[in-house]
Amino acid sequence: MTGHEDFDALLKARFDREHQHVPADPFVANAMHRIRAEQRLQVGVRMGLYAAALIAAIVASPWLIAGAARLNAALASSLVWAAGLPGVWVVGVLAVGVLVVQRVRSR
Amino acid sequence: MESRLAVAELRQAPDPLVIALACAGDRSAFAEVMRRRQARVRKFMYHLCRQTALGDDLAQQVFLKAWRSLSQLRAAAAFDGWLKRIMVSTWLEEVRRGKVETTSAIDPADVAVHHDTTTERMDLDVALATLQPDMRLCVVLAYSEGLSHPEIVTLTGMPLGTVKSHITRGAARLREVLSDYGERS
């Protein structure tokens with residue numbers, strides 16, 4: 001800044017004279033107190049979220065188990081269907097469709 | 001995290017070591033970093049907001065933000081520039097919240113804030129409060145922090161022309177206000 005032509009050295013000296021003695025205490029102690037409080041809060045929130053997730057999993061477990069069983073059954077029946085003649089035809093038609101679309105796009 | 005050094009050792013330790021320990025999560029080292037930097041940060045905030053309590057609160061916010069994001073700091077040597085960016089962004093957030101006041105006319109009660117043993121003089125912070133927040137920030141960064149125009153542009157995101165104009169007009173306004181109250185800057 002001092003290199004600039006319109007720099008006011010007297011004003012700079014005035015700034016330097018202000019607030020020369022700013023004691024560190026109790027400022028540092030208060031700031032550290034805030035930091036510790038925030039850390040405690042973060043730990044508390046994290047623990048709360050873990051606990052909430054655990055409780056939610058326990059409460060929802062009957063639905064989760066039933067849903068998984070239904071999903072399993074649906075997957076098994078669709079595999080049986082896909083392995084049969086209609087499934088092979090559908091997969092073949094879809095493959096031809098994909099090839100046609102790719103050809104049209106590449107033009 | 002427990003400190004690897006005793007408080008007395010931290011007081012004697014060189015800056016890069018203390019900053020590196022603070023970056024590793026050492027709370028005592030961070031307290032020492034804060035002890036070494038607090039006067040500069042608080043002085044910066046006092047100039048900008050004029051109120052000691054608010055200035056201290058903003059300075060504490062600066063250190064709180066610094067503690068939260070210390071892990072992002074790449075090198076101890078970059079600490080002061082990085083802290084300066086947090087100081088400026090904390091102030092700009094305060095301005096955006098609309099909590100910063102600009103005094104159009106000086107209250108005579110504010111004039112003799114400092115009672116020296118021989119004279120009563122105009123408080124510089126009162127004079128600074130007559131500047132618009134952006135202009136005040138540029139003047140404080142230039143005259144209190146000693147930053148160059150390009151450095152202020154980088155920190156504030158303002159165009160270079162605006163920064164130069166703010167500093168020139170702001171310094172002129174300060175000289176005018178201070179001389180109106182019988183004081184040479």
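B:Arg35 is partly exposed, at 29% relative accessible area. Partly exposed means between the two cut-offs: buried is under 20% relative accessible area, exposed is over 50%, with a 1.4 Å probe and protein chains only. This is a predicted model, where local features need pLDDT of at least 70, side-chain atom pairs count only at pLDDT 80 or more, and totals for chains, interfaces and linings use all residues. On conventions: residues are numbered from 1 along each chain as its sequence is written, chains are lettered from A and ligands numbered from 1 in the order in which they are written, and side-chain values use heavy atoms, leaving out hydrogens and water.

Back to B:Arg35. Which residue does B:Arg35 pair with in a salt bridge? The partner is B:Glu32, with the closest N and O atoms 2.9 Å apart. A salt bridge here is a side-chain nitrogen of Lys or Arg within 4 Å of a carboxyl oxygen of Asp or Glu. Both residues sit in helix 3 of chain B, three residues apart, about one turn of the helix. Helices are DSSP runs of H or I, at least four residues, numbered from the N terminus. B:Glu32 is buried, at 4%.

Now B:Arg37. This one is buried too, at 7% relative accessible area. B:Arg37 forms a salt bridge with B:Asp80, closest N to O 2.6 Å. B:Asp80 lies in helix 5 of chain B, residues 79-96, and B:Arg37 in helix 3, so the pair ties together parts 43 residues apart in sequence. B:Asp80 is partly exposed, at 29%.

B:Arg37 also meets B:Asp15, N to O 2.6 Å. That pair links distant parts of the chain, 22 residues apart: B:Asp15 is in helix 2, residues 15-23 of chain B, and B:Arg37 in helix 3. B:Asp15 counts as partly exposed, at 27%.

Zoom out. The whole structure has 17 salt bridges over all chains. Shared partners join a set of residues into one network, among them B:Arg11, B:Arg36, B:Arg40, B:Lys84 and B:Glu145.

Last, the core. A nonpolar core is a set of buried Ala, Val, Leu, Ile, Met, Phe, Trp, Tyr and Cys residues joined through side-chain atoms within 4.5 Å. The largest has 65 residues. Those with the most contacts inside it include A:Phe15, B:Phe30, B:Met34 and B:Phe44. Which helix gives the most to this core? Helix 3 of chain B, residues 27-49, with 10 residues.

Methods: Helix = DSSP H or I, 4+ residues; strand = E, 2+ residues; numbered from the N terminus.
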